[in-house]
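Hi there,

Here is the structure I promised to pass on. Have a look at it first, and my notes on what turned up follow below.

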Amino acid sequence: MDLRLTPEQDAFLESARAWLAAHTPAGGHAPPGSAEDVAASRAWDRALFDAGWSVLTWPKRYGGRDATPMEWILFEQAYHEAHAPYRLSANGISLLAPTVLEFGTEAQKEEILRPMARGDVLWAQAWSEPEAGSDLAALKSRATPVPGGFRLDGRKTWSSHSASADMAFGLFRTGGQSGRHRALTYILLPLDAPGIAIEPIRRLDRLASFSEITFTNVFVPESAVLGEVGRGWSVAMATTGSERGFSLRSPGRFTAAADRLERLLTPEIVDAFPDLADRVLDVRLDAEAYRLHVLQSVSKIALGTFGPGDASLEKLHWSELEVRLNVLALELLALQPDADADTRIWLESFVAALPGTIWGGTSEIQRNIVAQRVLDLPRSY
Amino acid sequence: MDFALDDDAVELGVGLKELLGDLLVPGGLRAAIEDRDARLRLRTALVENGASTVLVPDSLGGLGLGWAAAVACAEELGRAGVPGGVLDAFLIAPAVLGLGTGFESELAEIAAGKLHVVVADERGVVVDGPEADGVLVVEGDEIALYDAGQVEFAVVPTLDEGFPVFRVSQRGSARRRSGFAVGDVATARRFGALATSAALVGAGRHILTMTSQYVATREQFGRPVGSFQGVQHPLVDVSLGLEFAAPVVRAAAWSVDVNLPEQVERVAHAKSAAATAATRAWRTGLQSHGAIGYTYEYDLQIWLKRCLSLGAHHGHPATQRALLRDVARARLAGAALAPRG
């Protein structure tokens, strides 16, 4: 056991910091709201890719560096210290790419991965449906076999960034409704295919960052299937495993946010409102506990003992921490109405934090998973 | 950067867990709590298997390991509910004596199980009292070792039959007080907080395991009560608390071993998080068991009481909290002086 960085890791962290200091654009913390924003976001992905930072842990042949999980954690630490922009490519890189790397054909890997990492092709997820949220296996959108491929019909909703995305990945029913999760297929599709209608949905801050997608007689070829027909559930669970795990939420995100939160405390506030200072302290400690837990997970992954229960525990911890952190930031800003020029960024951060306990398996679903897989309790009611 | 525990520490923890499983046959733990001879036999068996040697230098018959290994042992002692001052006698006392000079014979006796030393915490409270051979007491900036016969113990009322506590009220002359340096008192306090943190995580994990097993089998309304989310989810919150306290404890132990400045904050964080998690564990454990958990006959009470004892002993959560506030204030003052960037 040694929690110090090796000289190589230290040099890696410093090189990431140096590159980010020279290249990080200002702003960009909100999901893009305009075509110019989307273009800027793609350009940022391209810059990251060209410098070799976009997808560190991927194999070199697909544009990565074969970096270790620890190097990824260090890069993310530097990224969030630099307060670098929100990445529109995150859905594809974090949710789809691990699945493609595990289940994709060589042709799919060649076609999908590099353009995704460069921001050339943006991906949106198509999981939830109006009647299938937490009970995802109840989904009804169908993929009907036709000569040469499938015909898609149905509706998907809460699809993040689909209004600006080029492609989507999701689950479609290829068997009977009673088959539940055994009759689903994982399908990749272009969002400009004939028969697709995208209806943006405004978040509570009026930003249209997600959409409902309607499929009417949409043709996709057989090559659109990721994994095997009818095996979509297990393929998708590999994706939600990465979604829930540390691949999407690096500790640097929370330690940097806790540092920014602490900067909202003035000596006057600490003296006058010690309860607020105490809550900031708790956030800081919980961010540090998350960092240490993730470092423990890295060693568990190396030992092969990291389980789905661990991923759910981590998601519960960070998603609830992030909401608490942002609520506290708004309370502190409200006490000093003109003290901080970053208020707009905090408001955006607050809105972005709220759905963390809902997407990718709600906190209730995560608790069911921990109850059954870690505590060995019976199925939940 | 490597979070994985060294092999010798892993083996030590696993070995101790197995040993305690063998020693504490059904009824054995209660016997050790209620009967002094049974308690001494258990302690002797632990000593014979090396539990008192972890932090004693190898030149004096010990294993010469550090706190990263010691907390793995402390967690198992807490998980098993071993009564009395075993954390003090096996881990905290030899670590504190190791700070001074001239305690070679005492350290060798501790490793051999011939000397049972307990350590007064920041409240002046010790476990075992007259049952111990020696007591380490802080006097101002110094630490002194007393023979138990030179110390008067005043019983402090407690619910925990397995963890009798006493105020060290009067003293004769010290057996030895040599070689302690400025700062050793704070270091000694950290040793105590580390050991009790790890034991709290162990005790909390045991409560969670026994409660999960209970609710998975206890049926009401025609199904196990553990199938209701209203029962499951609070237990998951117990797991969250414990699983996020455990790596903090381990990191704190390592920080003490390599003597990093952040050990002050880390150890306080460890004790604070472990005490909070253990409190949630016994509270939820009791609620999930219903009335059976409230009885003396059922074993939950043993760990419930131990969580209360260990939480307050060697680093009361309020003192840890005060330390954390001091560190945060110092950081804030430093940030206020530095240019905002």
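**Two sheets in chain B**

B:G134 has B:D147, in β4(B), as its bridge partner. That pair belongs to strand β3 (residues 134-139) of chain B and β4(B), which pair in the antiparallel sense over 6 bridges. (Strands here are DSSP E runs of at least two residues and helices are H or I runs of at least four, numbered from the N terminus; two strands pair if DSSP finds at least two bridges between them.)

Before going further, a word on the basis: this is a predicted model, where local features need pLDDT of at least 70, side-chain atom pairs count only at pLDDT 80 or more, and totals for chains, interfaces and linings use all residues. Residues are numbered from 1 along each chain as its sequence is written, chains are lettered from A and ligands numbered from 1 in the order in which they are written, and side-chain values use heavy atoms, with hydrogens and water left out.

The open sheet of 3 strands in the order β1-β3-β4 (chain B) has mixed pairing. Its edge strands, each pairing on one side only, are β1 (117-119) and β4 (142-147) of chain B. Helix α5 (residues 86-99) of chain B lies across β1, β3 and β4 of chain B, at about 75° to β1(B). Helix α7 (residues 184-217) of chain B lies across β3 and β4 of chain B, at about 60° to β4(B). (Axes are lines fitted to C-alpha atoms, for helices over the stretch in contact, and angles run from 0 to 180 degrees between N-to-C directions.)

Another open sheet of 3 strands, β2-β6-β5 (chain B), is antiparallel. In it, 6 bridges join β5(B) to strand β6 (residues 165-171) of chain B, and B:E152 stands opposite B:Q170 in β6(B).

**Where the chains meet**

Contact (heavy atoms within 4.5 Å) takes 47 residues from chain A and 43 residues from chain B. The buried area, meaning accessible area (1.4 Å probe) that two parts lose on being put together, summed over both, is about 4,300 Å², with 63% from carbon and sulfur atoms.

There are 8 salt bridges between chain A and chain B, each a side-chain nitrogen of Lys or Arg within 4 Å of a carboxyl oxygen of Asp or Glu. A:E288 forms a salt bridge with B:R266, the closest N and O atoms being 3.6 Å apart. On the side of chain A that touches chain B, α9(A) gives the largest share, 14 residues.

Best wishes
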